[in-house]
Amino acid sequence: MPSAELRVGGLKLDTWTDLEVSVSVSSIAPTFSFCYPNTTPLLARPVQKGFPCEVYLGGKLAITGHVDKVSHRDSIDGGSTYQVSGRGKTADLVDCSARHGTGRFKDADLTQIAKALCKPHEIDVVVGDEMEP
């Protein structure tokens, strides 16, 4: 199984017990959810909603985003886990309205419009031959 790691709040968390990552062309924002035993550094430095984070899969950056939720669960056997879930930065495009100086785009192609709308969220738009192999 490839390695997976959540980097958030200065922590590199790779001792997860359960993991779910969803990246789809039919969804604008990738999602992630990591469960950790209560022995992780989450106890020492609390991770909170809104924290910027990165998800690495197989040592490669897969998602740059934000934490949406941190929850704590106790189990009947006396143990407990923390669940950290969130979405990629492109979720910001879903959660807000468009910001553009004039509110209109005149004589602009789709790439120019996409770049203008994504710029305030620090999201790079890469099209066609600009893409890396």
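This is a predicted model: local features need pLDDT of at least 70, side-chain atom pairs count only at pLDDT 80 or more; totals for chains, interfaces and linings use all residues.
A residue counts as exposed when its relative accessible area is over 50%, and as buried when that area is under 20%.

**First stop: Asp 107.** Select Asp 107, which lies in the loop between helix H1 (91–95) and helix H2 (110–118). Its relative accessible area is 75%, and therefore Asp 107 is exposed. Gly 78 and Asp 107 are 29 residues apart along the chain, and their C-alpha atoms are separated by 63 Å.

**Second stop: strand E1.** Proceed to residues 4–8, which make up strand E1. Four of the five residues in this strand are buried, so that E1 is mostly covered. Now show strand E5 (residues 52–57) as well: E1 and E5 run antiparallel and are joined by five bridges. Within this pairing, Leu 6 stands opposite Val 55 of E5.

The hairpin formed by E1 and E2 has two residues between the strands, and in it Gly 9 takes a positive phi near 55°.

The charged end of Arg 7 sits over the ring of Tyr 56, at 3.9 Å from the ring centre.

Across the whole structure, a search finds two aromatic pairs. One of them joins Phe 34 and Tyr 36; this pair is stacked, with 5.9 Å centre to centre and 5° between the planes. Both Phe 34 and Tyr 36 are buried.

**Last stop: the cysteines.** How many disulfides does the structure hold? The number is zero. Select Cys 35, which is in no disulfide; the nearest cysteine sulfur belongs to Cys 53 and is 15 Å away. Cys 35 has a relative accessible area of 12% and is therefore buried.

Finally, select Cys 118 together with Cys 96. The closest cysteine sulfur to that of Cys 118 is in Cys 96, at 9.5 Å, which is too far for a bond. A disulfide requires two cysteine sulfur atoms within 2.5 Å. Cys 118 is likewise buried, because its relative accessible area is 9%.

How values were computed: Residues are numbered from 1 along each chain as its sequence is written. Side-chain values use heavy atoms; hydrogens and water are left out. Rings of Phe, Tyr and Trp (its six-membered ring) pair if their centres lie within 6.5 Å; planes under 30 degrees apart count as stacked, over 60 as edge-to-face and the rest as tilted. Buried means under 20% relative accessible area, exposed over 50%, partly exposed in between (1.4 Å probe, protein chains only). A charge sits over a ring if NZ of Lys or CZ of Arg is within 6 Å of the ring centre and within 35 degrees of the ring normal. Two strands pair if DSSP finds at least two bridges between them.
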